[in-house]
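Q: Please take a close look at one residue and its surroundings in this structure. Then go through the charged pairs elsewhere, one by one.

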Amino acid sequence: MAYLHVNGIDLYYETYGEGEPLVMLHGNGEDHTIFLTLIQALQPYYRIYAFDTRGHGKSSAVEEYHYADMAMDFVQAFQLLFDEPIDLIGFSDGGVIALFLSIWFPKTIRRMILCGANYHPYGIKEEARMEMRKEYNENGNPLMPLMLNEPWLTEEDLHKIKVPAWIVAGEDDIIEDVHTRELAYWLENSRLLILENETHTSYVVDSEQLADLCLEFFTDDGE
């Protein structure tokens with residue numbers, strides 16, 4: 001259990017296991033504990049760094065949320081913690097943060113698995129966006145505008161990403177299937193995995209389903 005002071009906030013993280021570093025970034029409204037089952041499966045093989053993003057878990061509270069700020073948090077954190085590019089699993093918002101990092105700071109990430117990520121707001125299905133608007137109107141949750149209004153990455157942006165990647169989504173994800181496939185198409189060094197009978201969260205939260213993919217992909221010959 002530790003904190004890093006980066007980009008004007010305190011960023012909380014926990015470490016598990018030994019080996020090459022593997023960073024895990026959770027989604028909107030969650031914290032690092034969603035990965036505990038996966039961590040248990042992988043900690044014999046990696047030194048895992050599981051973070052709470054700004055405004056989540058034990059990290060500093062903030063009034064507004066922007067993916068650019070989150071990306072700056074992590075590039076500074078990675079500079080403090082690591083001497084080499086790291087492997088990363090990013091779920092939902094965590095995947096969006098990884099997209100920003102791999103565009104702006106391409107030398108920070110060696111390989112990445114992005115789960116249920118979107119590169120513009122309308123990649124999220126309209127029924128889910130309606131629920132977000134409803135929640136914001138009812139209680140003013142500042143996390144909702146983040147997902148409703150960001151990110152806005154372009155085809156040109158995505159073409160800049162050279163990091164080897166797996167793009168993963170559930171068959172019944174809140175991310176539009178065509179959007180996930182576009183993301184995989186525009187990332188020239190990526191592969192696509194659509195998981196049958198899975199939702200946005202079911203294969204990530206309290207699940208070790210990604211363990212085999214991690215072990216295969218993050219090995220030295222994983223490319």
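**A histidine in a loop, and the salt bridges**

A: His200 sits in the loop that runs between strand E8 (190–199) and helix H8 (211–217). Helices (H or I, at least four residues) and strands (E, at least two) are DSSP runs, numbered from the N terminus. The model is predicted, so local features need pLDDT of at least 70 and side-chain atom pairs count only at pLDDT 80 or more, while totals for chains, interfaces and linings use all residues. Residues are numbered from 1 along each chain as its sequence is written, and side-chain values use heavy atoms, with hydrogens and water left out.

His200 has a relative accessibility of 10% and counts as buried. Here buried means under 20% relative accessible area, exposed over 50%, and partly exposed in between (1.4 Å probe, protein chains only). Leaving aside residues up to four places away in sequence, His200 touches Phe91, Ser92, Gly116, Asp172, Asp173, Ile174 and Ile175, where contact means heavy atoms within 4.5 Å. The side chain of His200 makes polar contacts with the side chains of Ser92, at 3.0 Å, and Asp173, at 2.6 Å. A polar contact is a pair of N or O atoms within 3.5 Å; within protein, one must be able to donate a hydrogen and the other to accept it, and residues adjacent in sequence count only if both atoms are side-chain atoms.

Now the charged pairs. The whole structure holds seven salt bridges, each a side-chain nitrogen of Lys or Arg within 4 Å of a carboxyl oxygen of Asp or Glu. In one of them, Asp73 pairs with Arg54, with the closest N and O atoms 2.7 Å apart. Asp73 is in helix H2 (residues 67–81) and Arg54 in the loop between strand E4 (46–52) and H2, so the pair ties together parts that are 19 residues apart in sequence. Asp73 is buried at 0% relative accessible area, and Arg54 is buried at 6%.

Another salt bridge joins Asp87 and Arg110, whose closest N and O atoms are 2.8 Å apart. Because Asp87 belongs to strand E5 (residues 86–91) and Arg110 to strand E6 (residues 109–115), this pair ties together parts that are 23 residues apart in sequence. Asp87 is buried at 3%, whereas Arg110 is partly exposed at 29%.

Glu126 and Arg129 also form a salt bridge, at 3.7 Å between the closest N and O atoms. These two lie three residues apart in helix H4 (residues 126–139), about one helical turn. Glu126 is partly exposed at 36%, and Arg129 is buried at 3%. A network of salt bridges links Glu126, Arg129 and Arg133.
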